[in-house]
Every structure is written in C-alpha cells, then in structure tokens.
Amino acid sequence: DGNLMKGKRGLIMGVANNRSIAWGIAKAVAGQGAELAFTYQGEALKRRVDPLAAEVGSDLVVECDVTDEAAMDKAFAEIKEKWGTIDFVVHAIAFADKSALEGRYIDTTVEQFKHSMEISAFSLVAVAKRARELMTEGGSILTLTYYGAEKVIPNYNLMGVAKAALEASVRYLAADLGPEGIRVNGISAGAIKTLAASGIGDFRKMLAYGEENSPLRRNVTTDEVGNAGMYMLSDLSSGVTGEIHYVDSGYNVMGMSVLKKED
Ligand code: NAD
C-alpha cells in the first residue's frame with residue numbers, strides 16, 4: 001500500500017460482487033489512500049455492495065440505475081452534498097440481453113440494440129456530464145471495454161458494437177472535457193469470469209483461447225486491471241487522455257493463434 005491517491009475522492013459505479021472489475025479497481029485505489037463512494041443497481045445488490053464498501057472504509061453507498069435520469073441526478077446530488085467535489089469516477093457498467101450474446105449478430109432486435117447501447121455506451125456520457133459538475137479541480141474518468149469492440153469475437157455480438165460506441169465516446173468526451181483538466185480513458189481488459197461475463201455464450205472458450213494464445217499465456221486478474229485503473233485515476237497518468245489501454249496479457253497484438261508443435 002502507498003499514498004498515490006491520498007487526498008483524492010472518487011465514485012465507483014458497477015460493483016455487483018467481489019469478482020467485479022470495479023471492485024478490483026476500488027481495492028487498488030483505496031490501497032493508495034483514496035476515499036470512495038459506491039453506486040449499486042437495485043436493492044438486491046445493496047446487500048453485496050454495503051459490506052464491500054465497509055471493507056475499504058466507505059459508508060457512502062448510493063442507489064443508481066443508469067437508465068433512470070432522476071436516480072442519476074439524485075446519486076450525484078447526494079455525493080455533492082457529502083463531499084462537494086470529486087476527483088475521479090469509475091464506470092464499469094454494461095448490459096445486453098443474454099439472447100443477444102449468442103448466435104448471430106444479424107438477429108439483434110432494435111429493442112435489444114437500444115437497451116444495450118443506453119446502458120453500455122450512453123451511460124458514460126450521462127455520468128461524465130454529472131461528474132464534470134463536481135470536478136472543479138480537474139479529474140479522471142475511467143471506463144471498461146473489451147477487444148470485441150475492434151474485432152469480431154464469436155457471441156460478443158451486440159456488446160462489441162456497444163463497446164465500439166463506448167470507445168468512441170471516450171475520445172469525444174476527452175476532447176470535450178480536456179480544457180477543464182478532466183481526463184477520460186478506457187481500459188480494454190482481457191476476459192475475466194464475472195457476473196456480466198457469465199451472460200456471454202461459450203465464455204469458457206474465450207478464457208481458454210486467451211490462455212493459449214496471448215503472449216503471457218494466461219488470463220488477467222481483477223487485481224491487475226485494478227492496478228492499471230489506479231494508474232489511470234492517479235496523477236501518474238496526468239498526461240494521458242482519450243486512451244484505450246490494454247490489460248489483456250498482450251492478446252491484442254497477435255495476428256494469428258499460437259502455433260503448436262504439430263502445426
Ligand atoms: P459485473 O457483472 O461485476 O459488473 C457489471 C455491472 O454493471 C454490475 O455491477 C451491474 O449492476 C452494472 N449494471 C448493469 N446494468 C446497469 C444499470 N442499468 N444501471 C447501473 N448499473 C448497471 O461484471 P464486470 O465484468 O466486472 O463488468 C464491468 C465492466 O467491465 C463492464 O463494462 C464489462 O463490459 C467490462 N469488461 C468485462 C470483461 C470481462 O471479461 N469480465 C472484459 C472487458 C471489459
């Protein structure tokens with residue numbers, strides 16, 4: 001533990017349980033002295049998020065479904081009332097119907113498309129707009145994305161298209177908010193077994209393929225994504241914005257699967 005985040009306050013959005021990537025980031029920044037607030041989606045998750053927040057010394061835990069504009073306004077108003085300002089936000093939120101995460105992308109319905117785009121891409125814009133008001137001394141906004149935004153990954157389908165919109169939003173938001181000293185970045189994480197990931201068809205095959213074919217020959221952990229997140233949220237990355245940073249065991253650099261002896 002250190003004090004790279006000492007004196008900084010931030011909001012963590014997207015903890016569902018202790019396997020959540022948002023939780024990996026929360027632990028890393030808390031370990032460097034950051035003070036944290038959390039949002040959760042729906043009453044059912046409060047039961048899981050409350051004890052995790054307590055583990056990192058936080059009792060500022062606020063309900064916030066990102067499809068509910070009034071709930072978003074209320075959550076940010078509550079944080080403003082408690083803290084006045086914030087220094088960073090982690091956006092680790094995505095959703096698509098399970099039936100849109102298997103088979104063919106061409107079968108996506110317009111309802112599935114709109115719903116997933118709203119939660120997985122537009123919500124970053126909605127969060128940035130509200131966070132900005134509290135970032136009077138500048139700040140850092142971080143989201144989570146995946147390589148399926150750039151290349152076709154079987155079954156990732158609609159979520160890949162939503163992540164492409166999310167990554168483009170990172171760049172446009174970085175340009176909008178840069179003059180205010182607010183940075184916006186994404187981490188493109190390798191596959192990790194989380195609640196959200198369990199909705200993706202044949203997810204186990206994605207894990208196995210990454211393990212066999214990435215330069216490091218293994219998958220990444222939420223702690224590794226957490227440490228990279230800490231860098232993006234701290235002043236260590238003060239010159240970095242609009243960036244998508246890979247934490248994927250190097251998988252993205254490969255142009256072909258690893259050759260076996262028999263190939
Ligand atoms: P997770 O299930 O732990 O987290 C997803 C979170 O999204 C949950 O906390 C859920 O409550 C929240 N969410 C969904 N709909 C919401 C809504 N309407 N309002 C508010 N919150 C909502 O899974 P995770 O894998 O930690 O996902 C976090 C982020 O990381 C997601 O953006 C995901 O796409 C991304 N990501 C995951 C992987 C992976 O392999 N797990 C890889 C790269 C990127």
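Two strands count as paired if DSSP finds at least two bridges between them. In this predicted model, strand β6 (residues 182–189) and β7 meet that condition, pairing in the parallel sense over four bridges. In one of these pairings, Gly186 has Ile244 of β7 as its bridge partner.

**The sheet**

Strands of a sheet pair through backbone hydrogen bonds, either parallel or antiparallel. Here the pairing is parallel, and seven strands form an open sheet in the order β3-β2-β1-β4-β5-β6-β7. The edges of this sheet are β3 (61–63) and β7 (244–247), each of which pairs on one side only. From one strand to the next, the twist averages 20°.

**Helices across the sheet**

Two helices that lie across strands of the sheet are set out below, with the angle to one strand given for each.

| Helix | Residues | Lies across | Angle |
|---|---|---|---|
| α2 | residues 43–55 | β2 (35–40) and β3 | about 175° to β2 |
| α3 | residues 69–83 | β1 (9–13), β2 and β3 | about 160° to β3 |

**The ligand shell**

Which residues come nearest to the ligand? Of the 26 residues around the ligand, they are Ser20, Leu144, Thr194, Leu195 and Ala196. Helix α1 (21–31) and strand β5 (139–145) each supply at least two residues of the shell. Sorted by class, the shell holds 19 nonpolar, six polar and one charged residues.

Conventions:
Residues are numbered from 1 along each chain as its sequence is written. This is a predicted model: local features need pLDDT of at least 70, side-chain atom pairs count only at pLDDT 80 or more; totals for chains, interfaces and linings use all residues. A residue is near a molecule or strand if its C-beta atom, placed from the backbone, lies within 6 Å of it. Ala, Val, Leu, Ile, Met, Phe, Trp, Tyr, Cys and Pro count as nonpolar, Asp, Glu, Lys and Arg as charged, and the others, Gly among them, as polar. Axes are lines fitted to C-alpha atoms, for helices over the stretch in contact, and angles run from 0 to 180 degrees between N-to-C directions. Two residues are in contact if their C-beta atoms, placed from the backbone, lie within 7 Å.
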